[in-house]
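Visitor: Could you show me around this model?
Guide: Gladly! Take a look first, and then ask away.

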Amino acid sequence: MADLTLIEAVNLALARALEDDPDVVLIGQDIGVNGGVFRATGGLAARFGEERVRDTPLAETVIAASAVGMAVEGMKPVAEIQFAGFMYSCFDQLINHAGRLRTRTRGRLTCPMVLRTPVGGGIHAPEHHSESPEGWLAHIPGIKVVTPSTPAAAYGLLLAAIRDPDPVVFLEPTRLYRMLKEPVADDGAALPLGRAFVRREGADITLVSWGATLVEVGQAAQTLAERGVSAEVVDVATLRPLDSATLLASVSKTGRCLIVHEAPRLFGAGAEIAAQVASEALMSLVAPVGRLAGYDTVMPLARLEDDYLPSAARIVAAAEALMAYR
Amino acid sequence: MKTAAQFSVSYHQFLNAKGALAEPPPGLDLPALVPVYRTMAFTRAFDARAVALQRTGQLRTFPSSLGEEAATVGLASVMRPDDVLLPTYRETGAFLWRGVTPVEIFLYWAGDERGSAIAGPRGDFPISVPIASHCGHATGVAAAFQYRKEARVAVCVLGDGATSKGDFYEAVNLAGVWRLPAVFVVINNRWAISVPAARQTACATFAQKAIAGGVPGVQADGNDAVAVRHVVGQALERARSGEGPTVVELLSYRLTDHTTADDARRYRSADEVSAAWAEEPLVRLRALLAREGLWTKADEEALIADNQARLEAAVADYLATPPQPLTSMVDYLYAELPAELVAQRAELAAREGGHHG
Ligand SMILES: Cc1ncc(C[n+]2csc(CCOP(=O)(O)OP(=O)(O)O)c2C)c(N)n1
Ligand SMILES: [Mg+2]
């Protein structure tokens, strides 16, 4: 079992899917001979041919739309959008077509496509390269929204996304691409979609997060432990459909909940989780549901980026504020 | 100065408005035009019936295709059954030719999803209301055909207004680069709701928009069923033999309101409309068939009676269709009902019980 980075795990899952299923085809900008700007598809065109790892013109709308068309025709397209900031023109396809074809044809046509894109800040990239669009996406009926937080999760969840019979948007945290390595077995085993993962068990407070922010959440949990607070860390992993059962079970056990995400707080995905906790686990709560998110503003450019992102210290402070309730 | 590149757009008409067949295309199969005419006539009767149903509160907003029957039936009549049609919404003649039932079409325009769960051409796309957003579906479908080495073609039908959207250009451009088996049929009915073609583009033709994508663009008289079948047939053949996509512009005219919710008198003159009636597609095709001994007065009378009977039966079936269960709202969202919808489904089922129990 090799130690892989998250980007290598994505590459491995794509290779596995291409190997296993001739209906899998990758499309996107610079994904062929160049292997993608982050090298997610590195070496795949050489190995599987340019018909299966196919460069497109610079046109996001038709990338998403073609994925819809291919999927309806029974293929398993995996489309790459180079950065999340350039996927907004795909929303028409996701909302008006991918998410509703099954419903509006009463199951006659389906759309088993995957749209992959790097998300999030922390690598000090240019403008529009550090977006966190998961909240907008998770509001769309009929699509699934998945974001891995470890190399092994990236491998297993991406395989699940590709095999899923419905459209999946797969958000890859740019900041994690090369941050850490872990052993990943190329066993072709998918992880379940729609399942949250308890990354650390604890008794006093539940820290809920997803994607890259789980790094700071993990650090915060460690600091809290050193200060005598036992934090449970839940990785949501699939925002839609949301695994409410795992989240509510954890909060029912700990009695406290802090949701941490990088996207702005107002109307963000954390609001939905907070509302569910408030209405389904109220009697277990000993403190109000807390949210620590990005500021409700435009994602700042590189110089202020680190000050925008929820830091481990701010997570610890927010958790300790909730611990003050008895 | 040298000329870097030069382009032209050909125009095709065989059967003129007077019903004269100037120079027939080689190998013209005249008897094949009889079923085309029959479906065109049925389409016209269907449109009239649908508008009447809407006017009496028995159908929702409906877009009539009055005047565009040669374009829609003609293009469908040269497709193969296993080609895929990607329509906008005004292609009723193509739906009928390809085996969508009148009941299904009524259901769709009544606001019932079962109207898109068609039993006939199972691979065809449903109506696509967000203008031009289906153009890229055609490139995807065509890419699937190309990848699997299937001799099938994706046929995307759009309006003159739709060519102003970037989606159209992105799709044509990609189809050109990938040499896809796709045909984009632009039905230029001169109007996009109240906006005339001249205010949609500064181009002399809509067909020439193909040229920027490195794709051939051709124009034809869209009220001439012979020309429609010829140019679309050639584009299909090109696509099928691996030569790539074509944009076909069919010149027609929307003889009635944009939809039943529109009043075209607000923005165009009666003179313009009556001049366009002189160009309409049915009379000239009937004249040709009659002259060739393929159609008689008795045939016409029988067709009218037959069409009316078919329509009455379809209307009766449509009006007698039982409602959908409330749970159908959530039952088709995903392959499997996710946990987050279980409670809502139960609530809908309980409300259903309340309705009937
Ligand atoms: C993206 C989008 N914008 C606006 C509309 C509203 N709308 C519906 S039909 C129409 C005009 C379409 O004209 P054209 O493409 O020429 O087709 P036609 O109706 O003439 O057949 C408009 C503006 C829409 N459906 N989709
Ligand atoms: Mg028009």
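Visitor: How do the residues lining the second largest pocket divide by type?
Guide: In this predicted model, a pocket is an open set of 1 Å grid points that a 1.4 Å probe fits, with protein on both sides within 12 Å along at least five of seven lines, and lining residues have an atom within 4 Å of a point. Counting Ala, Val, Leu, Ile, Met, Phe, Trp, Tyr, Cys and Pro as nonpolar, Asp, Glu, Lys and Arg as charged and the others as polar, the lining holds 14 nonpolar, 6 polar and 5 charged residues. Residues are numbered from 1 along each chain, and chains are lettered from A. Linings use all residues, whatever their pLDDT.

Visitor: Which element gives the largest share of the largest pocket's lining?
Guide: Elements are DSSP runs: helices of at least four residues, strands of at least two. Those giving two or more residues include strand E12 (238-240) of chain A and helix H12 (339-356) of chain B. The largest share, 6 residues, comes from H10(A).

Visitor: How many nonpolar residues does the largest pocket's lining have?
Guide: Its lining includes 6 polar and 5 charged residues. The nonpolar ones number 16.

Note on methods. This is a predicted model: local features need pLDDT of at least 70, side-chain atom pairs count only at pLDDT 80 or more; totals for chains, interfaces and linings use all residues. Side-chain values use heavy atoms; hydrogens and water are left out.
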